[in-house]
Amino acid sequence: MDSPVDNGTVIFAYRTDLLEQAGYTIDDMTGISWKDFIEVGKKVYEKTGKYLLCMDGDGNDLFYMMLQAEGESQFKDGKPKFVDNAKLKEIMQVLKDMIDNNVLYLANNWSDYTDQVIQGDMVAGVMNGNWIIPTIEKVTDNSGKWEITSLPTLEGGEGYASNGGSSLYITSNCKQADLAKKFLAYTFGGGSYTDKGVSETYDNALKNGGVITTYTPAGKSEVYNEGVEYFNNQPIYAKIVEMGANVKIIEQSDFHYDARKKLATALINITQNGADIDSEIKTAEDDLKFTMGL
């Protein structure tokens, strides 16, 4: 038995002061299409020298998050779905256009992504699971300059995705499984409710441990609706829970990280070596099938 507890809802965080220099606000970025996002990104780079999006180029999560916002998976019936995936091809082209126009910066690895790019103040935007927030907050001089919203989509409209998070598990060798289930039901499945019908467990987990719940009603509590100074007093935790409720369910796979690696390699070959998009997507799918023993 497992129960999701730590929220992996994706946020798109923007430096609103840098957007303003280019003539935009956080509202302009909410519900925007990726095509229009690129145009904003061009102007932001021109005015500020900052990239509007960044990612670890080696462990590139953009494909997964962008596809999920479209309600699309990288897999179908347990097999890779790269070649016959029009959304994936469109996203690959979007990412290429971003890189070509100084909108997206791909870091060499994870530490480069967190330390040099985000904490090195190279960007005006960060899109990832909300667990990236503490990394953003390490740049104390930027307090009050960030706000969050949903993801862009291919056709425009607010996009929602989840990347990461964690669950509580009761293992098969648990000697008192029924008691463990009752404990989880009492704490994370309900617990000591306030008069607003929200479990105090989640408030305390957020305040004392930084754990953002997947339990949607918790977003109505006073704790979740407090403004966060670093994010311009925006009640980001209530917004994260609200956005999480809109994430579309897509097919998952134990080979998620292998898929991520293959697509990351394809994008690098396309942007750095001039490779053809269709052929690189086919190579990525063939390589993943080999890895999966298909």
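Reply: The crossing of α4 and α5 is right-handed, a crossing being right-handed if the near helix is turned clockwise from the far one by less than a right angle, and left-handed if anticlockwise. The contact, meaning heavy atoms within 4.5 Å, involves L62, F63, M66 and L67 of α4 together with K87, L88, I91, M92, V94 and L95 of α5. By class, this contact has nine nonpolar, no polar and one charged residues; Ala, Val, Leu, Ile, Met, Phe, Trp, Tyr, Cys and Pro count as nonpolar, Asp, Glu, Lys and Arg as charged, and the others, Gly among them, as polar.

The model is predicted, with local features needing pLDDT of at least 70 and side-chain atom pairs pLDDT 80 or more, while totals for chains, interfaces and linings use all residues. Residues are numbered from 1 along each chain as its sequence is written, and side-chain values use heavy atoms, without hydrogens and water.

Turning to the aromatic rings, those of Phe, Tyr and Trp (its six-membered ring) pair if their centres lie within 6.5 Å, with planes under 30 degrees apart stacked, over 60 edge-to-face and the rest tilted. The count by this rule is eight aromatic pairs. The ring centres of W110 and Y113 are 5.1 Å apart and their planes are at 50 degrees, so this pair is tilted. Both residues belong to helix α6 (residues 110-118), three residues apart, about one turn of the helix; helices are DSSP runs (H or I, at least four residues) numbered from the N terminus. Ring pairs also link F12, Y14, W34 and F37 into a cluster.

Notes. Helix = DSSP H or I, 4+ residues; strand = E, 2+ residues; numbered from the N terminus.
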